[in-house]
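Please look through the sequence and the model shown here before reading on. The report that follows goes from single positions to the overall fold, and then to the core and the surface.

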Amino acid sequence: MVNLNGRHAVRFKKIVRWVATTLFVAAITLPYWAPPSLRPILGPFSSPERARAFIADHGVWSWAAYLALWIIQSVIAPLPAFALTLAGAALFGFWIALPLTTVGAMAGAAVTFAIGHRLRSAVLQHELRSDARAARLERFVRERGAWGIFALRILPLFPFDPVSYLAGFARIEWRPFLLATFLGMMP
């Protein structure tokens with residue numbers, strides 16, 4: 001069995017994330033580039049029009065499934081959020097996807113924030129004292145509070161979900177966290 005440590009583990013995670021994103025985007029865009037002979041196999045997703053009709057037929061349930069995907073994506077993070085955002089816009093249309101994506105991203109951020117808060121309380125208190133890097137990052141977020149979260153949200157360099165975990169871990173208050181998250185993700 002291969003033990004992945006340090007930079008190999010990071011590289012492996014990047015490769016897995018890239019492959020998952022590529023497969024997801026390929027699946028969503030399949031109706032646009034699939035040859036006509038394969039379209040009957042795709043069922044309700046054989047064309048963009050049929051996919052939109054399928055989603056429209058399921059109404060609120062398709063919205064609920066999209067919101068659930070956002071929460072699952074936030075906690076597990078099998079693919080980047082931008083891919084889910086693009087899929088929502090393609091399937092629901094911009095004006096329906098905008099509030100759905102906002103609510104889904106906020107719900108996912110709240111769940112990961114709560115998990116980060118619980119992790120600190122339950123397990124990681126003694127590790128924070130022993131790891132200087134973790135202590136510095138936690139101190140940065142704690143000292144800057146909502147402004148630090150806003151800065152991390154608005155910069156595309158930092159992944160959305162780890163920032164939420166970190167905010168919960170740093171014990172930032174709920175309201176400033178949610179406000180900074182909302183304002184930081186709007187652009």
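Ser62 has its place in helix α2, where helices (H or I, at least four residues) and strands (E, at least two) are DSSP runs numbered from the N terminus. With a relative accessible area of 12%, Ser62 is buried, a word that here means under 20% relative accessible area, while exposed means over 50% and partly exposed lies in between (1.4 Å probe, protein chains only). This is a predicted model, in which local features need pLDDT of at least 70 and side-chain atom pairs count only at pLDDT 80 or more, whereas totals for chains, interfaces and linings use all residues. Residues are numbered from 1 along each chain as its sequence is written, and side-chain values use heavy atoms, with hydrogens and water left out.

Ile172, in contrast, sits in the loop between α6 and α7 and counts as buried at 8% relative accessibility. Each of these residues has a partner some way along the chain, as the table shows.

| C-alpha pair | Separation along the chain | C-alpha distance |
|---|---|---|
| Ser62 and Phe92 | 30 residues | 9.3 Å |
| Ile172 and Gly145 | 27 residues | 6.1 Å |
| Leu69 and Gly104 | 35 residues | 8.0 Å |

As for the fold, the protein contains seven helices and zero strands, which gives the pattern α-α-α-α-α-α-α when read along the sequence. Of its 187 residues, 32% are buried.

Helix α3 (residues 81-92) has 12 residues, which at 1.5 Å a residue should span 16 Å, and its end C-alpha atoms are 16 Å apart, in agreement with that value; the expected span is 1.5 Å times one less than the number of residues. Within α3, the buried residues include Ala83, Leu84, Ala87, Gly88 and Phe92. These five are on the same side of α3, because they cover an arc of only 135° around the axis, the arc being that of the directions from the helix axis to the C-beta atoms. Just after α3, Gly93 takes a positive phi of about 95°.

In soluble globular proteins, nonpolar side chains tend to be buried together. The largest nonpolar core here has 21 residues, of which Tyr66, Phe92, Val141, Ile149, Ala167, Ile172 and Phe177 touch the most other members; such a core is a set of buried Ala, Val, Leu, Ile, Met, Phe, Trp, Tyr and Cys residues joined through side-chain atoms within 4.5 Å. Two or more residues of this core come from each of α2, α3, α4, α5 (132-154), α6 (160-169) and α7 (174-185), and α4 gives the largest share, five residues.

On the surface, Ile72, Val75, Ile76, Ile115 and Leu119 form a nonpolar patch with about 390 Å² of accessible area together, computed by the Shrake-Rupley method with a 1.4 Å probe, where for residues only the protein chains shown count as cover. Patches are made of residues with over 30% relative accessible area and no salt bridge, with like charges joined within 9 Å and nonpolar side chains (Val, Leu, Ile, Met, Phe, Trp, Tyr) within 5 Å; a salt bridge is a side-chain nitrogen of Lys or Arg within 4 Å of a carboxyl oxygen of Asp or Glu. Helices α2 (48-76) and α4 (94-130) each supply at least two residues of the patch, and α2 gives the most, with three residues. Ile72 lies in helix α2 and is partly exposed, with a relative accessible area of 44%.
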